Amino acid sequence: ISLPLSMGIEADANSWARVRAGVRQGILLGSMKSTAGIGAGDRKWENSPNDTMVSAGVGASANKFNFDVAAAQSLQDDGAHLQIAMTYIF
């Protein structure tokens, strides 16, 4: 079992743009059971793998539109995420 700890910062670049960055890391509270490579009836406990993820994003406003782009990368594997959003304010 792990508990995620997230830290981030966001700042206004100017009146219409915002930038942000963050880091997430699971804090190990226990260990996990692995059955790979062991015989029947045996138990193997090991620490949970590193699951650190870093992210960055940019937001911009134009008239009543808000645009947002965010990217995140896991440091453990090739798990990259990209999210793009547009919002119209009525």
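Predicted model: local features only at pLDDT ≥ 70, side-chain atom pairs only at ≥ 80, totals over all residues.

Student: Let's start with Met-86. Where is it, and how do you know whether it is buried or exposed?

Tutor: Met-86 sits in strand β7. Its relative accessible area is 54%, and exposed means over 50%, so Met-86 is called exposed.

Student: What makes Tyr-88 partly exposed?

Tutor: Tyr-88 comes in at 39%. Buried needs under 20% and exposed needs over 50%, so 39% puts Tyr-88 in between, as partly exposed.

Student: And how is Phe-90 classed, buried or exposed?

Tutor: Phe-90 has a relative accessible area of 86%. The cut-off for exposed is over 50%, so Phe-90 is exposed.

Student: Which residues form the nonpolar patch on the surface?

Tutor: Phe-65, Phe-67, Met-86, Tyr-88 and Phe-90, with about 600 Å² of accessible area together. The elements giving two or more residues to this patch are β6 (65-74) and β7 (80-88).

Student: How are β6 and β7 joined?

Tutor: They run antiparallel, with 9 bridges between them, and a hairpin of 5 residues connects β6 to β7.

Student: What makes Tyr-88 and Phe-90 an edge-to-face pair?

Tutor: Two values. Their ring centres are 5.1 Å apart, and a pair needs centres within 6.5 Å, so they pair. Their planes stand at 85°, and over 60 degrees counts as edge-to-face, so that is the label. The structure has 3 aromatic pairs by this rule, and Phe-65, Phe-67, Tyr-88 and Phe-90 form one aromatic cluster.

Student: What about β6 on its other pairing, with β5?

Tutor: β5 (residues 53-62) and β6 pair in the antiparallel sense over 10 bridges. Ala-56, for instance, has Ala-71 in β6 as its bridge partner. The hairpin of these two strands has 2 residues between them, and there Asn-63 takes a positive phi near 55°.

Student: How do you know that Arg-20 and Asp-68 make a salt bridge?

Tutor: The N to O distance between their side chains is 2.8 Å, and the rule asks for within 4 Å, so the pair qualifies. Side chains of opposite charge can pair when their charged atoms come close. A search of the whole structure finds 1 salt bridge. Its pair links distant parts of the chain, 48 residues apart: Arg-20 in strand β2 (residues 17-28) and Asp-68 in strand β6.

Student: Why are Arg-20 and Asp-68 called partly exposed?

Tutor: Arg-20 has 26% relative accessibility and Asp-68 has 24%. Buried means under 20% and exposed over 50%, so both residues land in between.

Notes:
Residues numbered from 1 in each chain as written. Heavy atoms only, no water. Patch = residues over 30% accessible without salt bridge, like charges linked within 9 Å, V, L, I, M, F, W, Y side chains within 5 Å. Areas by Shrake-Rupley, 256 points an atom, 1.4 Å probe, with all protein chains shown as cover. Helix = DSSP H or I, 4+ residues; strand = E, 2+ residues; numbered from the N terminus. Buried < 20%, exposed > 50% of the residue type's maximum accessible area, 1.4 Å probe, protein only. Pairing = 2+ DSSP bridges. Phe/Tyr/Trp six-rings, centres within 6.5 Å; stacked < 30°, edge-to-face > 60°.
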